[in-house]
Amino acid sequence: MGHFANGIPTRDETWRLLCEWTQSPGLRGHALAVEAAMRFYARKFRQPVDLWGLVGLIHDFDYERYPEAPDHPAKGAEELRRLGVDEVIVRAMLSHADYSGVPRESFMEKTLYSVDETCGLVVATALVMPNRKLSEVTTDSVLKKFKSKGFARKVNRDDIVRGASDLGIPLDEHVSNVISALREASSSLGL
């Protein structure tokens with residue numbers, strides 16, 4: 001093993017690793033958003049909240065250095081393995097990229113995939129609100145933006161639909177859950 005007890009880094013260790021690899025405030029914000037959504041769903045599904053949160057926080061930590069497929073998330077997975085991080089975390093990170101060849105099997109992996117792009121859409125919607133606040137975002141406003149192909153072009157709508165379906169949750173309910181999760185973290189997100 002590397003230097004993490006039981007292969008599970010602490011929240012602080014995970015944040016330090018993310019910050020070491022990621023300078024962009026936008027990418028750090030995305031990591032915090034996905035962490036919040038993962039923690040929300042872990043509570044909802046009675047799963048290990050801290051573990052799910054770590055997976056959300058770390059899932060894109062290599063993206064700034066390696067933005068192209070298949071380097072992301074493969075290079076990050078290599079680094080996590082070098083550090084002795086538990087394979088459950090490594091696998092979840094790999095599984096969130098369709099092209100990685102790692103199928104999403106666990107509930108945690110499916111949840112990460114479902115919240116990743118959804119967080120991007122919810123945050124993008126908040127940023128065009130009059131006061132740029134999550135408190136102004138509604139499920140309807142996000143779904144309206146979802147249908148607008150020109151809005152937040154990088155957000156993959158098919159991934160959002162597939163992710164909600166994989167969780168067995170209607171799209172509007174999934175969007176509402178992610179909004180609630182991000183509102184809880186609004187101060188750390190600056191929204």
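Helices (H or I, at least four residues) and strands (E, at least two) are DSSP runs, numbered from the N terminus. The views below show a predicted model, in which local features need pLDDT of at least 70 and side-chain atom pairs count only at pLDDT 80 or more, while totals for chains, interfaces and linings use all residues. Residues are numbered from 1 along each chain as its sequence is written, and side-chain values use heavy atoms, with hydrogens and water left out.

View A. Thr-111 lies in helix α6, which covers residues 107-127. The residue is buried (under 20% relative accessible area; exposed is over 50% and partly exposed in between, with a 1.4 Å probe and protein chains only), its own value being 0%. Leaving aside residues up to four places away in sequence, Thr-111 is in contact with Met-38, Tyr-41, Phe-45, Trp-52 and Leu-167, where contact means heavy atoms within 4.5 Å.

**View B. Buried residues of helix α2.** Helix α2 (residues 25-44) has 20 residues and spans 29 Å from its first C-alpha to its last, close to the 28 Å expected at 1.5 Å a residue; the expected span is 1.5 Å times one less than the number of residues. Among the buried residues of α2 are His-30, Glu-35, Met-38 and Tyr-41. The elements that cover the buried residues of α2 include α1, α3, α6, α8 (157-167), α9 (171-184) and α10 (186-189).

**View C. Packing of helix α4 against helix α5.** The axes of α4 (residues 71-82) and α5 (residues 87-95) are 9 Å apart and meet at an angle of about 175 degrees. Axes are lines fitted to C-alpha atoms, for helices over the stretch in contact, and angles run from 0 to 180 degrees between N-to-C directions. Helix α4 is therefore roughly antiparallel to α5, a term for angles over 145 degrees. Residues making the contact include Ala-77 and Leu-80 of α4 and Ile-89 and Met-93 of α5. The contact residues divide into eight nonpolar, one polar and two charged; Ala, Val, Leu, Ile, Met, Phe, Trp, Tyr, Cys and Pro count as nonpolar, Asp, Glu, Lys and Arg as charged, and the others, Gly among them, as polar.

**View D. Cys-19 and Cys-119.** The structure holds zero disulfides, a disulfide being a pair of cysteine sulfur atoms within 2.5 Å. The sulfur of Cys-119 is 18 Å from the closest cysteine sulfur, in Cys-19, and is therefore too far for a bond. Cys-19 is buried at 17% relative accessible area, and Cys-119 is buried at 0%.

Methods
Angles under 35 degrees count as roughly parallel, over 145 as roughly antiparallel, 65 to 115 as roughly perpendicular and the rest as oblique.
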